[in-house]
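Please open the model in a viewer and keep the selection panel at hand.

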Amino acid sequence: MINNIIFDMDGTLWDSSANVAASWNAAVKGLSDKRFTAEDIQSVMGLPMDKIAERFFDTETVEARIKIMERCCEGENGYLLEHGGDIFPDTVPVLKELSKCCRLFIVSNCQAGYIEAFLDYYGLWEYITDRLCWGDNELPKSENIRLIMKRNGMESAVYVGDTQTDCDSAYAAGAKFAFAAYGFGSADRYDIKLNGLSDLPEMLKKV
């Protein structure tokens, strides 16, 4: 059994889309006429923030996109720190259980401060050994999975995620992939498939 587990965030541990949409709608007032729904946010979850900016603000200059996204991300982190998101029912019990026998990590394509807001709001710091995101270094998810494996001395790891990007990134980094089929996306290959996060402890015995 592999005892290094790296988690994606959105669609894997929680769904913050409704609160992210609310925070972005407040943040873009005076900067853009764009208004967001939870479905809009879900459609881009897993993408790096610069790609999200291209998707939503394609008519703006690069400089304007950066300004808008910086405002959105700042507002989002503060909003989530105060309000949280919709954490999946199995997340806390599974993290508690696995932390007894495994080292747990988070790697996400989010902005800096997003993972921290999640850990702060739900009081989960004690279960997470290390974390890394796109906002820390603007590197793709595959590189950040590889980096977190290297700096924590992992010879093997399982990445748990819910999208094709998660799948491709895990294999590119040399990790196994656990597909969170309950999440927002799809994947064309995986080592194990999870219909709920509670499947993970037992399914890890197969990789």
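Select the lining of the largest pocket and colour the residues by class: eight are nonpolar, two polar and five charged. This is a predicted model, and the pocket lining comprises 15 residues. For the centre of the pocket, display Met49, Asp50, Ile66, Met69 and Trp134, the lining residues that lie nearest to that point. The space in this pocket amounts to about 350 Å³.

Next, show the helices around the pocket. Helix H3 (49-56), helix H4 (62-83) and helix H7 (134-137) each contribute at least two residues to the lining. Which helix gives the largest share of the lining? It is H4, with six residues.

By class, the residues of the contact of H4 with H6 comprise five nonpolar, two polar and three charged.

Finally, zoom out to the whole protein, which has 10 helices and eight strands. Its radius of gyration is 17 Å, close to the 17 Å that the globule rule gives for 207 residues, so the protein is as compact as a globular protein of that length. Along the principal axes, the C-alpha trace spans about 50 × 30 × 30 Å.

Conventions:
Residues are numbered from 1 along each chain as its sequence is written. This is a predicted model: local features need pLDDT of at least 70, side-chain atom pairs count only at pLDDT 80 or more; totals for chains, interfaces and linings use all residues. Side-chain values use heavy atoms; hydrogens and water are left out. On a 1 Å grid over the protein atoms alone, a cavity is a set of points where a 1.4 Å probe fits but cannot get out, and a pocket is an open set with protein on both sides within 12 Å along at least five of seven lines; lining residues have an atom within 4 Å of a point. Grid points are joined across faces, edges and corners, and a volume is the space filled by probe spheres set on the points. Helices (H or I, at least four residues) and strands (E, at least two) are DSSP runs, numbered from the N terminus. Ala, Val, Leu, Ile, Met, Phe, Trp, Tyr, Cys and Pro count as nonpolar, Asp, Glu, Lys and Arg as charged, and the others, Gly among them, as polar. The radius of gyration is taken over C-alpha atoms; the globule rule is 2.2 Å times the number of residues to the power 0.38.
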